[in-house]
Amino acid sequence: MTSEDKAMVLDARKDPMGWAIADYYKNGVAGRLRVFSSMFDEDEMSVESLFRTIEQMPEIERVALERASGHILDVGAGSGCHSLALQDMGKEVCAIDISPRSVEVMRESGVRDARLINMYDCALTEKFDTILMLMNGTGIVGTLDNMPAFFERIGQLLADGGQVLVDSSDLIYLYENEDGSVDIDLNGRYYGEVDFQMQYKNMKGEGFDWLYVDFDTLAHYAEESGFAAELVAQGAHYDYLARLARR
Ligand code: SAH
């Protein structure tokens, strides 16, 4: 994601998801949050699902909330659904996001510590016992090339004995044929590297890279950076929750 390289936050005029979240929060309905990619047909994201309650969350997210302990950092917190659930569980959480509108909504809806800041911004100097990255949390890494920088950053943000709980999906199923063979260009980009651009009403965001990574590849990069990856839980459709901790 380009904004992340520069540790920037979004311009409020280019924050489609944030505006969709704010509309839904205020009115209980939102327009279509459109998703474009050079790799897929136009798609739509359910704004309502960004406000999921703990009962509506997929199992791997509930496991992550259960396992989150100590001072928690909810990275890319969106509407704040996980942070609110953690607060209800009596846990201490700091929610961060680069979307100005989303952070406003989080503050209004009762997230006690919601900050407009990029996870790569070195102004964030505190240490956390748990870093939570949910709804394809590896997306924020952008591309596999950014893995070393990602691990360096979480190394700075984690307290001793701390953990990252992150979910992702193996997109291999998109390339599988009925006979079980796969169509992947091994000389091309990694198949989980996706580009997206979002639009809400007339507001278009900047395009960004979003990484889906299979567990083995994540574990490989973790190891190269002195971390260990543990497969904590698997979802219903190639999705999983991983725990990353220093070795
Ligand atoms: N975790 C939420 C929202 C996921 S959408 C949920 O599960 O519902 C991903 C969020 O990450 C978006 O709100 C986006 O603004 C935010 N984001 C993207 N890059 C970021 C970065 N580098 N630092 C902090 N937040 C980021």
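The structure is a predicted model, in which local features need pLDDT of at least 70 and side-chain atom pairs count only at pLDDT 80 or more, while totals for chains, interfaces and linings use all residues. Residues are numbered from 1 along each chain as its sequence is written, and side-chain values use heavy atoms, with hydrogens and water left out.

The protein chain contains 7 helices and 12 strands; helices (H or I, at least four residues) and strands (E, at least two) are DSSP runs numbered from the N terminus. The C-alpha trace spans about 50 × 45 × 35 Å along its principal axes.

Of the 247 residues, 51% are buried, where buried means under 20% relative accessible area, exposed over 50%, and partly exposed in between (1.4 Å probe, protein chains only). Among contacts (heavy atoms within 4.5 Å) between residues at least 6 apart in sequence, 65% join residues at least 24 apart. The accessible surface comes to about 11,900 Å², of which 48% belongs to carbon and sulfur atoms; accessible areas come from the Shrake-Rupley method with a 1.4 Å probe, and for residues only the protein chains shown count as cover.

The chain carries 22 positive and 44 negative side chains, with Lys and Arg counted as positive, Asp and Glu as negative, and His and the chain ends not counted. The centres of the two sets lie 8 Å apart, each charge being placed at NZ of Lys, CZ of Arg, CG of Asp or CD of Glu.

A search of the whole structure finds 11 salt bridges, each defined as a side-chain nitrogen of Lys or Arg within 4 Å of a carboxyl oxygen of Asp or Glu. One of them joins D11 and R13, with the closest N and O atoms 2.7 Å apart. D11 is partly exposed at 31% relative accessibility, whereas R13 is exposed at 65%.

A second salt bridge pairs E42 with R34 at 2.6 Å, N to O. Both residues are partly exposed, E42 at 40% and R34 at 24%. E42 and R34 also belong to a network of salt bridges that includes R32 and E44.

A further salt bridge links E126 and R115 at 2.7 Å, N to O. Because E126 lies in the loop between β5 (114-116) and β6 (128-133) and R115 in strand β5, the pair ties together parts that are 11 residues apart in sequence. E126 is partly exposed at 28%, as is R115 at 24%.
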